[in-house]
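Open the model in your viewer and keep the sequence beside it. The stops below say what to select next and what is found there.

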Amino acid sequence: MIKKCKFYKPNRDFVPKNNLPLGIDVHNNRLFVTTPRWKNGVPASLGTLPFPPKESSPAIKPYPNWEAHGNPNNPDCSKLMSVYRTAVDRCNRIWLIDSGIVNATINLNQICPPKIVVYDLKSDELIVRYNLEASHVKQDSLHSNIVVDIGEDCDDAHAIVSDVWRFGLVVYSLSKNRSWRVTNYNFYPDPVASDFNVYGLNFQWLDGVFGMSIYYNREIMERVLYFHPMASFKEFMVPINLLLNESVWQTNTQEYAKYFIPIGDRGYNSQSSTTGVTRNGIMFFTQVHQDDIGCWDTSKPYTRAHLGKFHNLENSNLIQFPNDLKVDKEKDQNVWLISNRLPIFLYSNLDYGEVNFRILKANVNKIIRNSVCNPDNNYNNTSKSAFVLIEEGQCY
């Protein structure tokens, strides 16, 4: 539990109320937390916390060190500027997407090119620093989420980065040290789902493609990228091999649009930010409008009857705007969540006498035990059913 962000031995301008933890990740006994530079006074945009913690509101230690973080007032673009989210792969590496943007909530300023940065988690040494190509960065682009696909070996790796404000994906090949941009109309926001009403605040977010997870789809018998825009009630998928085929995206891409398909919807006010999938195919996803998390067994159709919710873990105050979610790589897997009251930070004022930020952990097997998401549970409905097609935005 964290009331406000603290940094370990800050050696530069630090305004506590301007720091908000956004992204969460975990590796062994360390939690990784991002603090993008939305406002002035953020000394570092990626840090670690020990796990288990020794205190309820520990200070964040900049990762990998203070020297790796640049000063936005005198930018050195070889350093970290504004990290949004991360991905830990099975090769003990952490991948970062650094937007290069500061003051995004006040006067968006692209002071450095967006870049992908990779560190070795065993040594904390830099492995890769790759600036996205200028043609992949549009006016007002915001690259804010990242997932990683590993092939036959650790060198056969691809990062997929979402551009949530200009509605595209950038795919980066580690072995080629090259990237390409993927576009599709399903990356765009749905205007009906762009209206948010939470904590007495009404605002509109036109965030496009955002949540991403990679897993094997039994129906088409290949691995896919599951994805959704933030401003949407729907889930989509596309074969991962299509995204990784660079030559496809250097020609006319229209003929491949049909491979990006909707697989179902979650219902009204079911906007989701990020997702994570377990080794046995259970997807967890945030429910930002409902202060909840949901789950889905990917071996079943994506229908509301197969989507589980946890009703804020039976505590109305435990989750308040679930922003980032990860599934760890432990033998007995856990789902991790960061809750951060983001709309209040952006459009009102946080009360620093209260707990504003929480990092939550739940054991996967325990949390789904009695839910529809448990592959071992059989829910037999003997009542008669009727199927009705309802479009987004209608009452349901």
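This is a predicted model: local features need pLDDT of at least 70, side-chain atom pairs count only at pLDDT 80 or more; totals for chains, interfaces and linings use all residues.

**Stop 1**

Residues are numbered from 1 along each chain as its sequence is written, and side-chain values use heavy atoms, with hydrogens and water left out.

Now widen the selection to strand S12 (residues 157-163) and strand S13 (residues 168-173), which pair in the antiparallel sense over 6 bridges. Strands here are DSSP runs (E, at least two residues), numbered from the N terminus, and two of them pair if DSSP finds at least two bridges between them. Strands of a sheet pair through backbone hydrogen bonds, either parallel or antiparallel.

**Stop 2**

Select residues 24-27, which make up strand S1. In a regular strand the side chains alternate between the two faces of the sheet. Both faces of S1 are covered: Ile24 and Val26 on one side, and Asp25 and His27 on the other, are all buried. Buried means under 20% relative accessible area, exposed over 50%, and partly exposed in between (1.4 Å probe, protein chains only).

Next select strand S2 (residues 30-34), which runs antiparallel to S1 and is joined to S1 by 4 bridges. Phenylalanine 32 in S2 is the bridge partner of aspartate 25. The two strands form a hairpin with 2 residues between them, and asparagine 28 in the turn has a positive phi of about 55 degrees.

**Stop 3**

Go to lysine 115 in strand S9 (residues 115-120). Is lysine 115 buried or exposed? Lysine 115 has a relative accessible area of 0%, so this residue counts as buried. Its side chain reaches the backbone oxygen of cysteine 77 at 3.2 Å. Not counting residues up to four places away in sequence, lysine 115 touches a set of residues that includes Ser78, Leu96, Asp98 and Tyr130; contact means heavy atoms within 4.5 Å.

Asparagine 103 sits in the loop between strand S7 (101-102) and strand S8 (109-110). Asparagine 103 is also buried, because its relative accessibility is 17%.

**Stop 1: the largest pocket**

Finish by selecting Val88, Val148, Val277, Val327 and Lys329, which lie nearest the centre of the largest pocket among its 36 lining residues. A pocket is an open set of points on a 1 Å grid over the protein atoms alone, with protein on both sides within 12 Å along at least five of seven lines; lining residues have an atom within 4 Å of a point. The space in this pocket is about 940 Å³, where a volume is the space filled by probe spheres set on the points. Elements giving two or more residues to the lining include S1, S11 and strand S17 (209-217). The largest share, 6 residues, comes from S11.

Technical notes. A polar contact is a pair of N or O atoms within 3.5 Å; within protein, one must be able to donate a hydrogen and the other to accept it, and residues adjacent in sequence count only if both atoms are side-chain atoms. On a 1 Å grid over the protein atoms alone, a cavity is a set of points where a 1.4 Å probe fits but cannot get out, and a pocket is an open set with protein on both sides within 12 Å along at least five of seven lines; lining residues have an atom within 4 Å of a point.
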